[in-house]
Amino acid sequence: MSENRSAVRQARAIRLGPRSVAALVLVSAVGVVAFGWPFLAPPGSRLTAHAQDAPWLFAGLLVLLVAVVAATISESGLGPKAVAMLGVLAATGAALRPIGAGTAGLEPMFFLMVLSGRVLGPGFGFVLGSVTMFASALLTGGVGPWMPFQMLAMGWFTMGAGLLPGPDRLRGRTELAMLASYGFLAAFAYGTVMNMAGWPFMGGLASGIAFAADAPVTANLARFVAYCLATSMGWDLGRAVVTVVLTLVLGPAVLRALRRATRRAAFETAVTFEAPQG
């Protein structure tokens, strides 16, 4: 039993140190402001006068912060073997994303992010989610001020899977049910967060559900809910259902493969050299 537990523990590619935690908290705090400023700024605030500049400002800042987080986590143990696995998983996720792009939100990459974050931990998960969205944006030509927001949101999505309980002991149907439930809820959360990135800049395109700079927070919250229901609910539902189905059907095989590959890589095992005897 102790050997099994030791092998499972090796599945954590990165152990978050104080600097990594501080960097993640910093980028998450800035991300909350970047996404939620319409609900944080008081009505009539001067901030709303520069609303059209906000996505570029936050995008530039988020790129720098995500780079800081990646560098900090790298110092905590993202060695060559982990980097190789990061590249393989990010390339696979980036290749999966265009398969369902534009088709009712059918995005199979999300289930892979959930399973990878579960096996490899929250630090690796955040970097993987961010890098995967960056690679997929380059692959699909989706580069723009929205890309850093997608990187941050997917980083949160994948990191959350690594924070789920029971990483060393929970297995079988119970673990699959937990991962499927998380994937379902997180798929809606991802869509809602990304709606917040674009909703304030609709202007007069849909006056009934667009952000109103002079309206109170409660009124804008009602407008935002109406906007989500009218524009993205179908996409979010499709993403959530596909994530659940793929997690339940392919989850056992993918989890075994990830855990086996991670144990063989032994990311946290230090390389030592012994002098020949005799």
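Predicted model: local features only at pLDDT ≥ 70, side-chain atom pairs only at ≥ 80, totals over all residues.
The protein chain has a mean pLDDT of 77, with 71% of its residues at 70 or more. Confidence is lowest in helix α1, which covers residues 2-9, and highest in α7. Over residues 1-11 the pLDDT is below 50, although this stretch makes 13 contacts in the model beyond near neighbours in sequence.

| Part of the model | Mean pLDDT |
|---|---|
| Protein chain | 77 |
| Helix α1 (residues 2-9) | 44 |
| Helix α7 | 91 |

Helix α7 packs against helix α8, which spans residues 217-231, at an angle of about 115°, and the axes of the two helices lie 11 Å apart. The crossing of α7 past α8 is right-handed. On the α7 side the contact involves T192, N195 and M196, which meet F224, Y227 and C228 of α8. Sorted by class, this contact between α7 and α8 consists of four nonpolar and two polar residues, with no charged residue.

Helix α7 also takes part in the second largest pocket, where α7 (172-198) and α9 (233-265) each supply at least two residues of the lining. The largest share, six residues, comes from α9. The space in this pocket amounts to about 210 Å³, and its lining includes R171, R173, E175, R256, R259, R260 and R263, together with G172, L176, P252 and L255. By class, seven of the lining residues are charged, three are nonpolar and one is polar.

Conventions
Residues numbered from 1 in each chain as written. Heavy atoms only, no water. 1 Å grid on protein atoms, 1.4 Å probe; cavity = no way out; pocket = protein on both sides within 12 Å on 5 of 7 lines; lining within 4 Å. Points joined across faces, edges and corners; volume = space filled by probe spheres on them. Helix = DSSP H or I, 4+ residues; strand = E, 2+ residues; numbered from the N terminus. Nonpolar A, V, L, I, M, F, W, Y, C, P; charged D, E, K, R; others polar. pLDDT = per-residue confidence, 0-100. Contact = heavy atoms within 4.5 Å. Axes fitted to C-alpha atoms, helices over the stretch in contact; angles between N-to-C directions. Left-handed = near helix turned anticlockwise from the far one by under 90°.
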